[in-house]
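Please open the structure in your viewer and keep the selection tool at hand. The tour below moves from one selection to the next and says what can be found at each stop.

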Amino acid sequence: MEELLRMTALELGSIIRDGKVGVKEAVQCCQKQIQKSEPQIGAFLLTDEEKTERRVKEVEEGIRQGRYTGPLAGVPVAVKDNICTRGMKTTCASRMLENFVPQYDAEAVRRLEDAGMIIVGKTNMDEFAMGSTSETSYFQVTKNPWNTEHVPGGSSGGSCAAVASGEVWAALGSDTGGSIRQPSSYCGVVGLKPTYGRVSRYGLIAYASSLDQIGPVGRSAADCGALYEILAGTDEKDASSSRKAVEAVSGTKRDDLKGIRIGIPEEYLGEGTDPEVRQAIEKAADLMRESGAQVEWFSLKMTEYVIPAYYIIACAEASSNLERFDGVKYGYRSPKGEGLHEMYKKSRQEGFGEEVKRRIMLGSFVLSSGYYDAYYLKALKTKALIKREFDLAFQKYDCILAPASPTTAPKLGTSLSDPLKMYLSDVDTVAVNLAGLPAVCLPCGMDSKGLPIGMQLIGDCFQEKKILETAAVYEKLRGPFPVSWKEEM
């Protein structure tokens, strides 16, 4: 079992394809680890063993018949609970959707199943993806597998914790302002935020529609690349889906970084960045330089405006997207309301958590008469200026290297007591979403407390291949990264 748990998703897929391990055996290994880890970690909101057993039989038959031939056929995977799964609850970790069972699959889920992967459950998250710690969930708090006194990050903390604790080999998350990359950093796994529009958002319950993007979490850059190839592509059901052809990322592999130009923004490693994080980023830069990369520091302007611009835009879109949850058509309805308007108020008051209500109120304020021009319109102009700064940077560099978070994972409870501090923890990630860029996060060291440190490689639009190849070379230079769970005796 330990040997299987230590494999990457691609390695597991390979031995399944060669008949060395059965699909059922892989799934049972995954389920045993879930049973062992869940009492301490709390990564999953739902597992459905009966549905999984039926799916195992389908996949085994499909592999025998040659219907499933991809590199990840038979590999168990987890899905964040804001991505719709037909016949399986999708709650967004909210009381508002506590009993919502979609009648359709998200496009990303359909593509996973068409590739022969097996969805074993839905993972915990911050309620409606609003939070950076996975503590705003209505149902439970997920804990960091490296140290259960610390948060796993958010909002995709459940997916990242599930991969980090060996419960699954891969997972899907969503990234609105760093919600894949920041928890990947805290949990010591690899997470990819694709270019906006590269992966269909059909079936993703929206937080901020112009920023949200589904992406993969895995144990290596190659795992994320294989999942990306499954997920990426045009979808007629998503109006924001790009029609640009998808470039294969699993082709020729690089042996070194000769000719790659990497820029490090001075602003990302300035005041507020933990010295151990800065040291780990500088060490990673040195390794890449030794492999032939041209690495230099530069100034990325507008970074001081990314947090206010992001939270104005994200909260404004959230207030619009979440107005549909009114207790009428579906979702939680309060039994206390007398009359239509009272029922609306009570249902939303009781159905939404504090952080969600805070962001709805902020979004409604910046969209209100008299404040739209002063806040929302100005934030949109700032977003365009941020994108222009990245465009200028990519005229000179192939990748931008930066930390995924200014610190390692904080202790449970410390961020919720200070929402502003939680918002500022996204300072290294939100600019990527505002500019619609791809970025991959991967571990680059450990701090003195034994917690992972993550770095991100940011690329220009649709340059997933370039950043994933660079990440894969760095992984070889860095060497194997340790696992969070204790080996069985």
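Begin by selecting Ala 93, which lies in the loop between β2 (76-80) and α5 (107-114); helices (H or I, at least four residues) and strands (E, at least two) are DSSP runs, numbered from the N terminus. Although Ala 93 is not a glycine, its phi is positive, at about 55°. This is a predicted model, in which local features need pLDDT of at least 70 and side-chain atom pairs count only at pLDDT 80 or more, while totals for chains, interfaces and linings use all residues. Residues are numbered from 1 along each chain as its sequence is written, and side-chain values use heavy atoms, with hydrogens and water left out.

Next, select Gly 154 and Ser 155, which are joined by a cis peptide bond with omega of about 5°. Ser 155 is placed in the loop between β3 and α6.

Because Trp 146 lies in the loop between β3 (118-123) and α6 (157-164) and Phe 481 in the segment after α16 (464-478), the pair ties together parts that are 335 residues apart in sequence. Across the whole structure, a search finds 14 aromatic pairs.

Now show the strands. An open sheet of 11 strands, with mixed pairing, runs in the order β1-β3-β2-β4-β6-β5-β10-β11-β9-β7-β8, where two strands pair if DSSP finds at least two bridges between them. β1 (44-47) and β8 (294-298) stand at the edges with a single partner strand each, so one side of each is left without a neighbour in the sheet. From one strand to the next the twist averages 30° (axes are lines fitted to C-alpha atoms, for helices over the stretch in contact, and angles run from 0 to 180 degrees between N-to-C directions).

Helix α10 (residues 306-321) has an axis that comes within 9 Å of that of α13, and the two cross at roughly 125°. The helices α10 and α13 are therefore oblique to each other (angles under 35 degrees count as roughly parallel, over 145 as roughly antiparallel, 65 to 115 as roughly perpendicular and the rest as oblique). Among the residues that meet here are Ile 312 and Ile 313 in α10 and Tyr 375 and Tyr 376 in α13.

Finally, select helix α3 (residues 23-41) and helix α4 (residues 49-64), whose axes lie 9 Å apart and which pack at an angle of about 155°. That angle makes α3 roughly antiparallel to α4. Their contact includes Val 27 and Gln 31 of α3 as well as Val 56 and Val 59 of α4.

Definitions and conventions. Contact means heavy atoms within 4.5 Å. Rings of Phe, Tyr and Trp (its six-membered ring) pair if their centres lie within 6.5 Å; planes under 30 degrees apart count as stacked, over 60 as edge-to-face and the rest as tilted.
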